[in-house]
2 protein chains.
Amino acid sequence: MNEFELIQYFFTRSACAQGGENISLGIGDDCALLQIPAGQSCAVSTDTLVSGIHFPDNAPAFLLGQRALAVAVSDLAAMGATPIGFTLAITLPQIDVDWLQAFSAGLSAMALSCGITLVGGDTTRGPLTIGVTVMGAVSARQAMLRSGAQVGDLLCVSGPLGAAAAAVPLVLGQVDEHSMADDTAEQLLAAYWSPQPQLKLGQYLLGQASAALDISDGLLADCGHIAKASHVCLQIQQTQVPLASAALKLLGAEAALHCALSGGDDYHLAFTIAAHAVEPLQQHFPEVQVIGQVVSGAGVQVVNDQGQAIAFERLGYQHFE
Amino acid sequence: MNEFELIQYFFTRSACAQGGENISLGIGDDCALLQIPAGQSCAVSTDTLVSGIHFPDNAPAFLLGQRALAVAVSDLAAMGATPIGFTLAITLPQIDVDWLQAFSAGLSAMALSCGITLVGGDTTRGPLTIGVTVMGAVSARQAMLRSGAQVGDLLCVSGPLGAAAAAVPLVLGQVDEHSMADDTAEQLLAAYWSPQPQLKLGQYLLGQASAALDISDGLLADCGHIAKASHVCLQIQQTQVPLASAALKLLGAEAALHCALSGGDDYHLAFTIAAHAVEPLQQHFPEVQVIGQVVSGAGVQVVNDQGQAIAFERLGYQHFE
């Protein structure tokens with residue numbers, strides 16, 4: 001075995017590669033074999049994170065392992081799919097056993113919390129790059145697309161927004177986390193590094209939500225994707241957008257709102273749903289909040305309490321270069 | 001759209017992303033949705049090719065597109081799976097439209113010939129790296145693993161070996177292809193850049209072969225994988241190993257044999273099968289050749305016509321650094 005085969009062997013033995021429902025054959029052969037329950041489809045999504053672009057070069061390995069998997073699994077949540085397996089393509093500049101153990105532990109922690117199993121991968125030498133492809137199962141008839149929003153539906157999000165974007169100065173080390181009072185820094189960093197894919201909510205919404213996606217690019221941009229695919233306008237009530245308390249505390253209302261609208265990386269779900277379905281939904285998921293409605297037209301509109309449109313500058317996507 | 005979103009859009013419109021049997025939902029939503037026929041499993045494999053390691057920095061884009069997909073689909077062939085969809089994670093140092101069009105055309109040509117559809121992907125900036133994850137369908141009960149070889153089975157390969165390894169000096173530009181007589185250079189380069197995944201043979205072997213894999217690391221190394229997983233010894237008759245005619249012509253018998261045994265990159269199948277099944281198999285696939293047998297013991301043994309063991313130095317895996 002060369003050193004990269006050793007690394008493969010190392011991942012094969014990691015906690016995230018063990019067992020797994022619906023895995024007929026795991027790592028070690030030409031292919032892995034996944035069971036898709038009868039009547040369901042295989043949902044697939046792939047994400048690549050490149051050092052210096054999607055995360056800072058000195059990112060802690062455990063947190064990076066958590067985040068790389070969470071970001072990919074979040075796409076399964078947005079579809080309403082149940083996770084089954086994932087592959088990991090990792091490119092490493094050198095072999096650092098401590099780094100790999102921490103990365104693998106973070107990956108395993110997130111895999112366990114999402115109920116997903118590592119089924120294959122590839123390790124190569126080069127600048128640090130992490131590619132994750134996730135697979136799950138969902139009924140093709142019920143799967144939530146971006147294209148189903150109907151005029152008259154309400155627009156909801158699954159929880160408070162803006163914490164991940166507010167965390168960026170901390171992630172970059174531009175702000176000292178110890179300078180902050182209480183647990184604000186901790187909350188912000190947790191939002192950034194350990195987003196929790198909204199799997200239970202996604203599965204609950206099957207057959208109920210008319211359209212859904214996960215908020216990765218920022219609420220305005222992602223609602224724009226639904227609006228475009230569904231040929232409707234999404235109208236957001238500015239005062240209804242739930243702001244993460246740590247972002248509010250650190251930045252104040254105006255900047256926290258900007259983070260929530262344009263910051264991205266929250267990995268909450270945004271979805272449209274018939275009005276009558278919202279109350280029973282909120283009994284199960286009290287963090288779900290109605291933030292607007294689907295109207296005829298195109299694009300995304302933010303309005304104040306008087307229904308007047310408000311202009312927002314789009315914040316650009318934050319690169320770590 | 002930023003420039004990378006433009007590239008995503010470019011791939012979305014490429015020939016390899018159109019249509020596709022068993023694709024309920026293609027590129028453009030949070031996930032793609034693949035239909036796995038009832039009673040079958042989803043077979044998954046992932047491969048990463050890094051510039052300067054797995055291919056030379058100046059590799060022609062069309063050929064690279066062909067090869068990146070072929071190498072991954074070959075793992076489906078080795079399992080006996082029928083291809084359905086693939087994702088592409090591509091990291092690019094810069095945007096070069098000519099390069100992208102050629103790469104996409106090569107990818108599309110191979111996708112068409114394999115019957116597989118691009119269902120998702122991710123484009124990022126960085127050193128050229130190509131990650132392909134392929135998905136197909138196969139009966140979990142029949143899928144050919146590495147672990148099923150039985151003492152008494154015969155060992156076969158799907159065709160002549162050694163051409164891809166013999167092509168490496170040409171690929172690296174160390175030898176001028178125009179200095180070669182007739183079409184030798186052409187044949188060698190085709191073997192290297194456009195390996196044909198043995199899909200039809202793999203599917204025919206379902207329920208017949210006791211073990212199979214694709215020859216990527218070299219015949220000796222790959223037979224070693226079967227021997228280890230099956231707890232048997234694979235005995236190879238040196239004189240039965242079919243040598244690619246272009247490798248023979250260029251290198252002579254001894255060096256061509258070395259290429260065939262240790263060179264890798266051929267992407268033919270090696271498999272074990274009961275003796276009585278070979279003749280009907282060869283009527284359908286005349287290139288299939290018996291090269292040895294499964295005996296009790298461990299590892300791989302190369303023997304001469306008198307059954308005496310021959311020692312071979314393993315050639316190392318060729319890096320393009």
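User: What makes β9 (residues 233-237) of chain B and β11(B) a pair of strands in this predicted model?

Analyst: In this predicted model, four bridges join β9(B) to β11(B), and the two run antiparallel. Pairing requires at least two bridges found by DSSP, so the four bridges here meet the criterion. Within this pair, B:C233 stands opposite B:V295 in β11(B).

User: How do you know that strand β7 (residues 154-157) of chain B also pairs with β11 (residues 289-295) of chain B?

Analyst: Four bridges join β7(B) to β11(B) in an antiparallel arrangement, and because at least two are required, this is a pair as well. The bridge partner of B:C156 in β11(B) is B:V290.

User: Why are β5 (117-125) of chain A and β1 (23-25) of chain B said to stand at the edges?

Analyst: The open sheet of six strands is ordered β5(A)-β4(A)-β6(A)-β3(A)-β2(B)-β1(B), with mixed pairing. β5(A) and β1(B) each have a single partner strand, so one side of each is left without a neighbour in the sheet. From one strand to the next, the twist averages 20°.

User: What makes β4 (residues 82-92) and β6 (residues 129-138) of chain A paired strands?

Analyst: Nine bridges join these antiparallel strands of chain A, and since at least two are needed, they count as paired. A:L88 has A:V132 in β6(A) as its bridge partner.

User: Which strands does helix α2 (residues 61-79) of chain A touch as it packs on the sheet?

Analyst: Helix α2(A) touches β3 (41-50), β4 and β6 of chain A, and its direction makes about 25° with that of β6(A). Helix α1 (residues 3-12) of chain A lies across β4 and β5 of chain A, running at about 160° to β5(A).

Definitions and conventions. Residues numbered from 1 in each chain as written. Chains lettered and ligands numbered in written order. Predicted model: local features only at pLDDT ≥ 70, side-chain atom pairs only at ≥ 80, totals over all residues. Axes fitted to C-alpha atoms, helices over the stretch in contact; angles between N-to-C directions. Contact = placed C-beta atoms within 7 Å.
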